[in-house]
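Hi,

Here is the structure I promised to pass on.

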Amino acid sequence: MALRLDGNILVTGANRGIGLELVKQLAEKTGKGAHVYAACRDPQGDRSQVLRNLITLHPGKITVIQLDMAHEDSISAAVEVLRQKTGAGGLKVLINNAAINKPDPPAPLSVTGKKDMMEVYETNVAGPFILTKMLLPLLQRAAKTPSADKDHGDELSCRRSAVINVSTIFSSVEKCPETFTLAQVYPYRTSKAALNMLTRCQAEDFKADGILVAAIHPGWVQTDMGGDQAPLSTQDSVLGMLNVMSTLSSKDTGMLLDWEGSRIPW
Ligand SMILES: NC(=O)c1ccc[n+]([C@@H]2O[C@H](COP(=O)([O-])OP(=O)(O)OC[C@H]3O[C@@H](n4cnc5c(N)ncnc54)[C@H](OP(=O)(O)O)[C@@H]3O)[C@@H](O)[C@H]2O)c1
């Protein structure tokens, strides 16, 4: 089934895990009007080989962008490349997917220090904050661009312009008593709770520009981060996330949803 997503779509952390599967399914399931920008730290490195293979499989559909979310100069350079490449269409969807979880789970308090906290915040919070801020003119451009397929009126949607922040159920303050014993991961939990607030603030800020902002929990997924005990494959998680993204509307802006579209309490 074709996805109701089109235009220029940027995915960060695109060389493995959920990000790689997002690029794969977006390349496979979107129509001619969609182009996927796959951002990763080391496009020429061994860890990007599968991504490079995908590009060969989908000629003209995917462009790789060098981007390290922990370095502002790298973000700035990537934004300039995107500005030139996306042209008048701007950027329709930004998926802030790249993230780290340090120290390795279960990461109790005793083994967690300030360095872990700062590193995780830099990648998981400051990175998406700066990237989204710098990309705002491109998102605004997409939101204003007339499109035959655009939702009517001033409805917010991913087909108009949107920022999707990949969060986690571990970010939920309300769910913490249920989830804490699974993995303490203080830096990761607090960084994603901050990402949720970033989502909420940007949703308010960008509403007038016609840009939707939402956070999505992908489920517990079999990736390097999720581990092999996770119940969900990357394929099922991403299929769910993309279906949810296809149907997001004004009522969802500023919300935290899971990959099946259910709302998660803050
Ligand atoms: N897997 C789960 O069960 C699960 C559950 C809830 C939420 N999530 C969220 O889902 C998203 C994807 O997770 P995943 O499971 O796919 O993780 P993953 O397998 O560990 O992949 C993480 C991705 O982020 C990239 N990345 C890390 N630091 C970066 C930086 N400074 N700049 C650019 N890219 C960077 C990695 O690139 P390198 O190869 O260069 O390191 C990699 O592509 C994350 O936001 C995560 O918090 C995952």
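The axes of α1 and α7 come within 9 Å of each other and cross at roughly 60°. Axes here are lines fitted to C-alpha atoms, for helices over the stretch in contact, with angles running from 0 to 180 degrees between N-to-C directions. That makes the pair oblique, as angles under 35 degrees count as roughly parallel, over 145 as roughly antiparallel, 65 to 115 as roughly perpendicular and the rest as oblique. On the α1 side, the contact (heavy atoms within 4.5 Å) is made by G17, I18, E21, L22, Q25, L26 and K29, and on the α7 side by T234, Q235, V238, L239, M241 and L242.

Before you read on: this is a predicted model, where local features need pLDDT of at least 70 and side-chain atom pairs count only at pLDDT 80 or more, while totals for chains, interfaces and linings use all residues. Residues are numbered from 1 along each chain as its sequence is written, and side-chain values use heavy atoms, with hydrogens and water left out. Helices (H or I, at least four residues) and strands (E, at least two) are DSSP runs, numbered from the N terminus.

Now the sheet. Seven strands make up an open sheet with parallel pairing, in the order β3-β2-β1-β4-β5-β6-β7; strands pair if DSSP finds at least two bridges between them. β3 (62-66) and β7 sit at the edges with a single partner strand each, so one side of each is left without a neighbour in the sheet. Helix α3 (residues 72-86) packs on the sheet, touching β1, β2 and β3, and its direction makes about 150° with that of β3. Helix α4 (residues 114-144) also packs there, against β1, β4 and β5, at about 175° to the direction of β4.

β6 is worth a click. Six of its six residues are buried (under 20% relative accessible area, 1.4 Å probe, protein chains only), so β6 is largely enclosed by the rest of the structure. L212, A214 and I216 point one way from β6, and V213, A215 and H217 the other. Five bridges link β6 to β5, with I164 opposite A214. Three bridges join β6 to β7 (residues 256-258), where H217 stands opposite D258.

Cheers

Definitions and conventions
Buried means under 20% relative accessible area, exposed over 50%, partly exposed in between (1.4 Å probe, protein chains only).
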